[in-house]
Amino acid sequence: MRIVYLNGEYVPENEAKISIFDRGFLFADGVYEVTTVVDGKLIGFDGHINRLQRSLDELKISFDVDTAKMLAIHRELVERNNLQEGMIYLQITRGNPGDRDFAFPPEDTPVTIVLFTQTKQVVGTAVETKGLKVVTVEDLRWGRRDIKTVQLLYPSLAKMEAKSRGADDAWLVQDGQVTEGTSNNAYIVKDGTIITRNLSNDILHGITRGSVLECARSLQMKVEERPFSPQEAYEADEAFATSASGFTNPIIEIDGHTVGTGKPGPVGDKLRSLYLEENMKAAV
Ligand code: PMP
């Protein structure tokens, strides 16, 4: 049984209990981060912690993340669960005001902090060699997708819609342009140029996105940060998605159109290798 972290304590998962009045439960009033673990080490930790603080600040949840303390909790969970490969989920909610009310509780209401591990193969997966199929689905999420909130119902519905249409994931489309995947950032490659939507409130600022684009630039690859349409994606040479646990995952089909050769492409493959190499060197 997993050992999880709840508000300062390490407890077996079935003993971790939170209030029915928790704002996370009643209002999806909380934020989260997912950090990947490879060989028992955390990848991109500082980036995730910085984004966590930004998400909290944007929602005016008054909590100062202590990076060293948070790292110690992550490490402790890796240790206690003997986690070699997988993820650590971290959620912070606006806490439990003791009743339901739209207005925020007083600022000194303690936040709820939950961390738990998931064991999962992330290196050398079948997806890496087989690729994924996606379909496009209208992006009906709220307007602040740059904040990593636990309000994940629409991405979940879109994922189920994709599965019902025989695909693995959905690429979300707003005003005729792809925003991102349900839980990843989206990319196409055309004539050697990598195209991915520019940062704004329309997408999550992926930690993996930042690192992968840095890798691309260090390899002198051309990068264009701009919106692209599903039609442009159908005609691309290659497509892929990035996320903390998927690194770069090849996309081989979009809305039934085979992308490029229908096999994982060389640009995504190269970026995946370099991303892993660089991030494993810096893993903590
Ligand atoms: N976009 C969305 C909507 C996501 O949920 C995620 C993963 N949480 C990403 C992009 C990728 O972000 P990261 O690289 O930080 O995992």
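In the class count used here, Ala, Val, Leu, Ile, Met, Phe, Trp, Tyr, Cys and Pro are taken as nonpolar, Asp, Glu, Lys and Arg as charged, and the others, Gly among them, as polar. In this predicted model, the shell around the ligand comprises, on that basis, four nonpolar, nine polar and four charged residues. Of the 17 residues around the ligand, those that come nearest are Lys148, Glu180, Ile207, Thr208 and Ala244.

Three of these residues have polar atoms whose distances to ligand oxygen atoms are listed below.

| Residue | Polar atom of the residue | Distance to an oxygen atom of the ligand |
|---|---|---|
| Ile207 | backbone | 2.8 Å |
| Thr208 | side chain | 2.6 Å |
| Ala244 | backbone | 2.8 Å |

On its own the ligand has 390 Å² of accessible area, of which the protein covers 92%.

The ligand sits in the largest pocket, and the elements giving two or more residues to its shell are α2 (45-58), α6 (207-218) and β13 (238-243). Because domain 1 (3-119) and domain 2 (126-282) both give residues to this shell, the ligand lies between the two domains.

Key. Residues are numbered from 1 along each chain as its sequence is written. This is a predicted model: local features need pLDDT of at least 70, side-chain atom pairs count only at pLDDT 80 or more; totals for chains, interfaces and linings use all residues. Side-chain values use heavy atoms; hydrogens and water are left out. A residue is near a molecule or strand if one of its heavy atoms lies within 4 Å of it. A polar contact is a pair of N or O atoms within 3.5 Å; within protein, one must be able to donate a hydrogen and the other to accept it, and residues adjacent in sequence count only if both atoms are side-chain atoms. Accessible areas come from the Shrake-Rupley method with a 1.4 Å probe; for residues, only the protein chains shown count as cover. On a 1 Å grid over the protein atoms alone, a cavity is a set of points where a 1.4 Å probe fits but cannot get out, and a pocket is an open set with protein on both sides within 12 Å along at least five of seven lines; lining residues have an atom within 4 Å of a point. A molecule sits in a cavity or pocket if more than half of its atoms lie within 2 Å of its grid points. Helices (H or I, at least four residues) and strands (E, at least two) are DSSP runs, numbered from the N terminus. Domain bounds come from an automatic or database domain assignment.
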